[in-house]
Amino acid sequence: MSHATSTLGSVNRVRAVLAHVVWVVCSIAALFLALGALFIAFKANTDNALVKFVLDVADTLDLGVFDRDDGVKQWTSANAETKNALFNWGLAALVWLIAGRVLDRLIRPSASATTR
């Protein structure tokens with residue numbers, strides 16, 4: 001095996017691991033947003049440290065665009081807080097999952113690159 005082949009194999013392994021890490025991070029971000037929306041929908045006790053932590057992280061991960069108080073879509077009717085959280089944070093979770101999958105595909109070496 002030549003040095004170039006060995007280097008290419010190492011680079012491909014690093015890219016595969018990095019792609020996996022990116023996908024896991026994006027999936028965890030989506031999970032926090034989904035849990036936060038569910039906590040609001042089920043009116044979880046916001047004095048609970050875990051609930052507060054999840055809501056704080058979700059507030060950060062919505063990137064301001066999908067904010068539950070001033071996001072993409074806002075309801076003012078009955079149960080507005082729940083509808084806003086479910087819609088905006090649900091949309092944000094979907095965006096995180098799509099971005100994670102796209103980045104995974106861009107970073108991960110192609111099958112033809114790994115079989116050379």
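The model is predicted: local features require pLDDT of at least 70 and side-chain atom pairs count only at pLDDT 80 or more, whereas totals for chains, interfaces and linings use all residues. Residues are numbered from 1 along each chain as its sequence is written, and side-chain values use heavy atoms, with hydrogens and water left out.

**View 1. Confidence and the span of helix α2.** The chain has a mean pLDDT (the predictor's confidence in each residue, from 0 to 100) of 86, and 85% of its residues reach 70 or more. Confidence is highest in α2, at a mean of 95, and lowest in helix α4 (residues 111-114), at 59. Helices are DSSP runs of H or I with at least four residues, numbered from the N terminus. The 13 residues of α2 should span 18 Å at 1.5 Å a residue, which agrees with the 18 Å between its end C-alpha atoms; the expected span is 1.5 Å times one less than the number of residues. At the start of α2, the backbone nitrogen of L50 lies within 2.8 Å of a side-chain oxygen of N48.

**View 2. The two faces of helix α2.** V51, V54, L55, V57, A58 and L61 are the buried residues of α2 (buried means under 20% relative accessible area, exposed over 50%, partly exposed in between, with a 1.4 Å probe and protein chains only). They cover an arc of only 165 degrees around the axis, and therefore lie on the same side of α2; the arc is that of the directions from the helix axis to the C-beta atoms. The exposed residues A49 and T60 are on the face turned away from the buried side.

View 3. L61 belongs to helix α2 (residues 49-61) and is buried, at a relative accessible area of 18%. Apart from neighbours within four places in sequence, L61 is in contact (heavy atoms within 4.5 Å) with A29, F32, L33 and W96. The C-alpha atoms of L61 and A93 are 8.9 Å apart, although 32 residues separate them along the chain.

View 4. D104 is located in helix α3 (residues 80-107). This residue counts as buried, at 3% relative accessibility. Beyond its neighbours within four places in sequence, D104 is in contact with A19, H20 and W23.

Notes
Polar contact = N/O pair within 3.5 Å; in protein donor to acceptor, adjacent residues only side chain to side chain.
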